[in-house]
Amino acid sequence: MNILVTGGAGYIGSHTCLSLMEEGHDICVVDNLSNSKETPLKRIQEITGRRLQFYRIDLTQKASLVQVFEDRRFDAVIHFAGLKAVGESVLVPLAYYSNNIVGSLVLFELMDAYGVKNIVFSSSATVYGEPEKVPIKESFPVCPANPYGRTKLHIEHILRDLFAADRKWNIAILRYFNPVGAHPSGMIGEDPNDIPNNLMPFISQVAVGKQQELFVYGNDYPTHDGTGVRDYIHVMDLAHGHAYALNKLGEAPGLVTYNLGTGKGFSVLEMVSAFEKVSGKPVPYKIVSRREGDIATCYADPSLAEKELDWKAKLGINEMCEDTWRWQKKNPDGYI
Ligand code: NAD
Ligand code: UFG
């Protein structure tokens, strides 16, 4: 297939491009590099021995994006591009609404105009907000607790309205849980700017000596050890999930929504101890107060994706830690 990947230079996008290229698909990436570098795209080509096409374009710039649709014919689009930092979205909500929603609107308008009506959209478990119970099913109420999550939900609504108006669209909304890990080559991985917001990159930066200690945000949650529980999913499992979603679009399913998670929850302290074991490095930590907006427990019921996509996460917490550690050791300063 000819696939347009927006945000393909980013963390999940780069792993997905690699996986799709290994399966023989032709990839065209559009990314403005606002939160990434071109290096992973070069490395993907080294790993696969195949070429991809790259346009450095901002999705909100319609006149530039038109050129991409003029140049190539696409069978499907995978839409990763967006800003994703929860805390930042509270401080600069307009930047999030503008980038994520306007960028998506421009993309959908051009897809419509050029008759490209197959899309996989990166949504997030954050749309569920604080769940009434776990595991979380796709049918649970949605109520995101921050502007970032609300941009994701708005885009889901736009896609639903689009499908209601034109049944020729095929749309797979994927709600990711907590992606971690890296490609086993150690050549591509997660490369956060400045100090990492997320747990796994922070742990690995402590282990490699870039950060002194981890701050554990609260040990008074109603969980087995008091620290937050999440559904960590290996980024390669997540990447493969996109190929399964593309296959599904081939069956013309209309609009479908799937959780992509493992169905298992691990606490912050369990992640620390798994990482210490795999890396052989100590990860000193200090318990501090809760982070605003965090919830106690969040993990998926991934059975719908298993039933309808035939996809299931295969990699466990050890592979997640091993691959993160390999990437961190090989690239202590990220992509330079
Ligand atoms: P990322 O920041 O690494 O990748 C996003 C990419 O989009 C970046 O390369 C960035 O430069 C690009 N981009 C942003 N705005 C753009 C624009 N206007 N035009 C062109 N390119 C633009 O993030 P990621 O972790 O790879 O996440 C990918 C997608 O998955 C995002 O939509 C994110 O919201 C979603 N998601 C991520 C997580 C997570 O924890 N990483 C969880 C759930 C959902
Ligand atoms: N945590 C710490 N210390 C840190 C970072 C995180 O204790 O330095 C804790 C958090 O309190 C939470 C857990 O580790 O209990 C996971 O936190 P992350 O920041 O790694 O992930 P979140 O679950 O908060 O959110 C992530 C993404 C969201 C996405 C969501 C999907 O940041 O964008 O997963 O479930 F929507």
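Residues are numbered from 1 along each chain as its sequence is written, and chains are lettered from A and ligands numbered from 1 in the order in which they are written. In this predicted model, local features need pLDDT of at least 70 and side-chain atom pairs count only at pLDDT 80 or more, while totals for chains, interfaces and linings use all residues; side-chain values use heavy atoms, with hydrogens and water left out.

Helices (H or I, at least four residues) and strands (E, at least two) are DSSP runs, numbered from the N terminus. Seven strands form an open sheet in the order 3-2-1-4-5-6-11, and the pairing is parallel. Strand 3 (53–56) and strand 11 (255–260) are the edge strands, each pairing on one side only. From one strand to the next, the twist averages 20 degrees. Two strands count as paired if DSSP finds at least two bridges between them. Strands of a sheet pair through backbone hydrogen bonds, either parallel or antiparallel.

Strand 5 (residues 118–124) is joined to strand 4 (residues 76–79) by three bridges, and Ile78 has Val120 as its bridge partner in strand 5. Strand 5 also pairs with strand 6 in the parallel sense, over seven bridges; here the bridge partner of Asn118 is Asn170 in strand 6. Six of the seven residues of strand 5 are buried, so this strand is largely enclosed by the rest of the structure. Buried means under 20% relative accessible area, exposed over 50%, and partly exposed in between (1.4 Å probe, protein chains only).

## Helices on the sheet and beside each other

Angles run from 0 to 180 degrees between N-to-C directions, and axes are lines fitted to C-alpha atoms, for helices over the stretch in contact. Contact means heavy atoms within 4.5 Å.

| Helix 8 (residues 235–250) | strand 1 (2–6), strand 4, strand 5, strand 6, strand 11 | about 160 degrees to strand 6 |

Helix 6 (residues 147–165) also meets helix 5 (residues 93–113): their axes come within 9 Å and cross at roughly 20 degrees.

Strand 9 (residues 229–230) pairs with strand 12 in the antiparallel sense over two bridges, and Val229 has Ser267 as its bridge partner in strand 12.

## Two buried residues

Ile12 is found in helix 1 and counts as buried at 15% relative accessibility. Not counting residues up to four places away in sequence, Ile12 touches Phe80, Tyr176, Pro179, Val235, Leu238 and His242. Ile12 and Ala182 are 170 residues apart in sequence, yet 9.3 Å apart in space, C-alpha to C-alpha.

His25 is found in the loop between helix 1 (11–22) and strand 2 (26–31). At 14% relative accessibility, His25 counts as buried. With residues up to four places away in sequence left out, His25 touches Met1, Ile3, Leu20 and Arg50.
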